[in-house]
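Here's a quick rundown of the contacts in this model, both inside one chain and between chains. Have the structure open while you read.

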Protein chains: 2
Amino acid sequence: MARPKAFDEEAVLQKAVNLFWCRGYEATSVQDLVDCLGINRASLYDTYGDKYELYVKALERYRDTGQSGLCQNMDKSRPALDLLRDLFTEGIQNSLADPDQKGCFMVNSAVELAAHDETIGRIVADNQRAFEARLQQVIERGQQEGTINRVHSAASLATFLFNTYTGIKVLARTRPEPTALYGVMNIAMSALQPSS
Amino acid sequence: MARPKAFDEEAVLQKAVNLFWCRGYEATSVQDLVDCLGINRASLYDTYGDKYELYVKALERYRDTGQSGLCQNMDKSRPALDLLRDLFTEGIQNSLADPDQKGCFMVNSAVELAAHDETIGRIVADNQRAFEARLQQVIERGQQEGTINRVHSAASLATFLFNTYTGIKVLARTRPEPTALYGVMNIAMSALQPSS
DNA sequence: CTAATTCCGGAACGAACATTCTATATAGCG
DNA sequence: CGCTATATAGAATGTTCGTTCCGGAATTAG
């Protein structure tokens, strides 16, 4: 009946993710989006709604594509500590490999918008909870294995690791030095070990 | 010779600190500043320069007034661990007492602007280095006292604590819960203890 | 073919933006 | 008082903002 879309909706949305991720919400103009996405202004509004809706969709896509460090494969056969270390290592490697030093889109959104916008605040908070719950599962397994201390609860340790991850993602924006980032990870991991 | 200023330059600048701190750079308009500062548009430009210069002055004032957690009194008679714990406790208390959940102006600036603006990037990076150097001094003293482990270098531990502090200041924006924030602090402090 | 839908470039819109300017009032000093 | 400098309020500037609309080209289904 009609002419089909000439662009891949998801691929274009991913471009929006990268632009918002890099510049933030306020500093990104619709003109910037038109130039970067490579589609027409009208197509942008028809497909994604207005600028704000597009941002929300971009943030949701970022979350759903596992770029928020969440969608890690949690192989139960591997030691819990190794799993956690891998998660941090991957996050640090991604930060160091990024020439734009974008950090984490979730963290950036948390700082710029979450306190003032209810919708984005909920997305960010939900993602935080999901991330921590995932961490808590692994930590609990490690405590059963005896490789993680029981001095602190699994929930507290999960919040601590999440906090460390967040800090690294901020630090990576201004000081993307391997020694600093991996050093932070190593000390955080050592805090998990038993007999402290 | 001339009519004197009818407003306190520093007091008005502090109002600008609070507004930029709360909303960020891009989301704050000059009209917002005029309304909040209570001075005339022309007086604003004559006294502080344009919006960007005002932001830089506000960030520098934030730094110089010790609101960035840096100007803590470092009493050498107190145990090093207590000093560090006080610093975190004060930072957490400030965050919890703030109804606007503004977090830390330095951290917010780091996320929003430091990667794209050289001047602000330098202010933020310098502040980070100064903060870490201060932490390192205290940590070295604790290591000499034997209350802080020597498994990790004082510099690495300082970066770790700074990272934890940063994470807390982000977490406080979206989840200002005492249990979460103090829990993170406690685990971070436990990572400093010897014989791990 | 026709009809329907989406593409695209670009014009047009009012609102908000940062910045500058005009005009007038006011304070200190000779 | 008279002079000077800076205060004030608010208009006016030109630009950019987000958003909508138009016209024609393109593509698919019937």
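In this predicted model, 8 residue pairs are in polar contact across the interface of domain 1 of chain A and domain 2 of chain A, both partners at pLDDT 80 or more. The most comes from α4(A), with 8 residues.

**Between the domains of chain A**

- Sorted by type, the residues on the side of domain 1 of chain A that touches domain 2 of chain A come out as 11 nonpolar, 2 polar and 3 charged.
- Salt bridges between these two domains number 0.
- About 1,400 Å² is buried between domain 1 of chain A and domain 2 of chain A, with 69% of it on carbon and sulfur atoms.
- Domain 1 covers 9-63 and domain 2 covers 75-190 of chain A, and their centres sit 26 Å apart, going by C-alpha atoms.

**Between chain B and chain A**

- Each chain puts 40 residues into the contact, and the two bury about 3,400 Å² between them, 65% of it on carbon and sulfur atoms.
- On the chain B side, B:Val111, B:Asn163 and B:Ile187 lose the most area to chain A, together 19% of what that side buries.
- There are 2 salt bridges across this interface; A:Glu132 and B:Arg175 pair up in a salt bridge at 2.5 Å, N to O.
- Polar contacts between chain B and chain A come to 12 residue pairs, both at pLDDT 80 or more.
- Helices supplying at least two residues each on the chain B side include α6 (105-114) and α7 (118-145), while α8(B) has the largest share, 14 residues.
- That side of chain B splits into 19 nonpolar, 16 polar and 5 charged residues.

Definitions and conventions
Residues are numbered from 1 along each chain as its sequence is written. Chains are lettered from A and ligands numbered from 1 in the order in which they are written. This is a predicted model: local features need pLDDT of at least 70, side-chain atom pairs count only at pLDDT 80 or more; totals for chains, interfaces and linings use all residues. Side-chain values use heavy atoms; hydrogens and water are left out. Domain bounds come from an automatic or database domain assignment. Buried area is the accessible area (1.4 Å probe) that two parts lose on being put together, summed over both. A salt bridge is a side-chain nitrogen of Lys or Arg within 4 Å of a carboxyl oxygen of Asp or Glu. A polar contact is a pair of N or O atoms within 3.5 Å; within protein, one must be able to donate a hydrogen and the other to accept it, and residues adjacent in sequence count only if both atoms are side-chain atoms. Helices (H or I, at least four residues) and strands (E, at least two) are DSSP runs, numbered from the N terminus. Ala, Val, Leu, Ile, Met, Phe, Trp, Tyr, Cys and Pro count as nonpolar, Asp, Glu, Lys and Arg as charged, and the others, Gly among them, as polar. Contact means heavy atoms within 4.5 Å.
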